[in-house]
Amino acid sequence: MTDSTAHLLSQIGSRLAGQLSLVSLDGRRRPAPPALVVVAHGSRDPRALSTVRALLERVRERRPSLPVHLGHIELNEPLLPDTLAGLGGRQAVLVPLLLSRGYHIKRDIPEMAAASDVHARVAGALGPHPLLVDALYARLVEAGWRTRTDEGTRRASAVVLAAAGSRDPESRVDTGRTAELLAERLGVPVVPAYATTSAPTVPDAIRALAARGRHRVAVASYFTAPGRFATECAEAAPWIASAPLGTHPAMAELLLHRYDQTLATPAQADPLRGAGNCAPGHPRPALAV
């Protein structure tokens with residue numbers, strides 16, 4: 001049996017198992033689970049949309065019985081309000097494809113959900129989380145990061161974690177925690193830096209590390225998909241730059257984890273519309289696993 005045939009049979013088996021899971025032992029159809037709506041920011045770069053769509057296919061492969069939809073905050077179709085309108089008032093869990101807390105998660109997405117007929121709950125940001133560290137580490141290794149180095153090389157090495165940036169101080173806290181987790185994994189300093197809004201910038205972080213004798217600096221792309229900011233940050237790298245997180249398997253796993261986690265959390269009253277809502281601004285541990 002060839003690898004392609006085995007993969008095809010595996011996919012067929014997964015889909016059949018998903019269909020069977022919708023039927024109870026007495027033959028009656030079980031209620032469909034709440035839809036998973038992945039909420040992406042949107043980008044003018046066409047690579048971003050194709051990457052997000054490919055990521056959703058990975059999610060569907062992992063859980064064939066789960067209805068998975070895409071909605072954008074801006075710039076790309078389908079926009080989130082249109083996606084919610086198409087659900088016809090059913091239940092849904094909105095999982096932001098966003099790496100840290102900020103205005104979109106705290107206000108934009110909940111308000112769009114409140115304006116719809118969907119009984120929606122909103123998950124928190126994807127990060128910080130160990131699965132993101134897994135994806136960041138794998139992308140760095142793909143770019144040329146050596147998993148084993150001598151002490152001299154290690155002392156000269158560092159990583160700049162390049163993120164989009166936000167005016168929300170909690171966003172910086174989340175990005176900083178991810179940098180700490182990645183530093184623990186790599187055994188070298190990891191400095192968070194930003195493409196816009198926040199400081200330091202990626203070039204400033206690289207210069208600061210060089211002043212400390214860290215001349216072997218990699219840039220870890222802390223972006224979900226290709227785009228202008230990811231490209232500009234990569235171009236500033238003095239050594240290697242990793243690709244965006246994209247369709248790494250850990251990303252699909254994390255989207256499903258946030259979906260399951262939100263369903264397992266007792267619903268709170270939604271101040272905007274009476275529907276069950278897992279409010280992203282609600283206090284939570286710095287690292288949700």
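Analyst: Happy to; what follows takes the labels one at a time, and please keep in mind that this is a predicted model.

User: Let's begin with the rings. Why is the pair of Trp-145 and Trp-239 called tilted?

Analyst: The two ring centres are 5.9 Å apart, and rings pair if their centres lie within 6.5 Å. Planes under 30 degrees apart would count as stacked and over 60 as edge-to-face; the planes of Trp-145 and Trp-239 are at 50°, so the pair is tilted. A search of the whole structure finds one aromatic pair.

User: What makes this a link between distant parts of the chain?

Analyst: Trp-145 is in the loop between helix H5 and helix H6, while Trp-239 is in the loop between helix H9 and helix H10, and the two are 94 residues apart.

User: Is Trp-145 buried or exposed, and which label goes to Trp-239?

Analyst: Buried means under 20% relative accessible area, so Trp-145, at 7%, counts as buried. Trp-239 has 32% and is partly exposed.

User: How do you know that the charged end of Arg-216 sits over the ring of Trp-145?

Analyst: For that label, CZ of Arg has to be within 6 Å of the ring centre and within 35 degrees of the ring normal. The charged end of Arg-216 is 5.7 Å from the centre of the Trp-145 ring and is listed as sitting over it. Arg-185 does likewise with Tyr-137, at 4.3 Å from the ring centre.

User: Arg-216 belongs to strand E7. Why is this strand called largely enclosed?

Analyst: Six of the six residues of E7 (residues 216–221) are buried, so the strand is largely enclosed by the rest of the structure. Arg-216, Ala-218 and Ala-220 point one way, and Val-217, Val-219 and Ser-221 the other way.

User: What makes E5 and E7 a pair of strands?

Analyst: At least two bridges are needed, and these strands have six, in the parallel sense. Ser-157 stands opposite Arg-216.

User: Now to Ser-100. Why does the contact of its side chain with Ser-171 count as polar?

Analyst: The cut-off for a pair of N or O atoms is within 3.5 Å, and the side chains of Ser-100 and Ser-171 are joined at 2.8 Å. Ser-100 lies in the loop between strand E3 and helix H4, and its relative accessible area of 15% makes it buried.

User: How do you know that Glu-170 forms salt bridges with Arg-101 and Lys-106?

Analyst: A salt bridge needs the side-chain nitrogen within 4 Å of a carboxyl oxygen. The closest N and O atoms of Arg-101 and Glu-170 are 3.3 Å apart, and for Lys-106 and Glu-170 the N to O value is 2.4 Å. Lys-106 lies in helix H4 and Glu-170 in helix H7, so their pair ties together parts that are 64 residues apart in sequence. Arg-101, Lys-106, Asp-168, Glu-170 and Asp-174 are linked in a network of salt bridges.

User: Which accessibility labels do Arg-101, Lys-106 and Glu-170 get?

Analyst: Arg-101, at 13%, counts as buried. Lys-106, at 27%, is partly exposed, and Glu-170 is partly exposed with 29%.

User: And where do Arg-177 and Glu-180 lie?

Analyst: Both are in helix H7, three residues apart, about one turn of the helix.

Conventions
Residues numbered from 1 in each chain as written. Predicted model: local features only at pLDDT ≥ 70, side-chain atom pairs only at ≥ 80, totals over all residues. Heavy atoms only, no water. Phe/Tyr/Trp six-rings, centres within 6.5 Å; stacked < 30°, edge-to-face > 60°. Helix = DSSP H or I, 4+ residues; strand = E, 2+ residues; numbered from the N terminus. Buried < 20%, exposed > 50% of the residue type's maximum accessible area, 1.4 Å probe, protein only. Polar contact = N/O pair within 3.5 Å; in protein donor to acceptor, adjacent residues only side chain to side chain.
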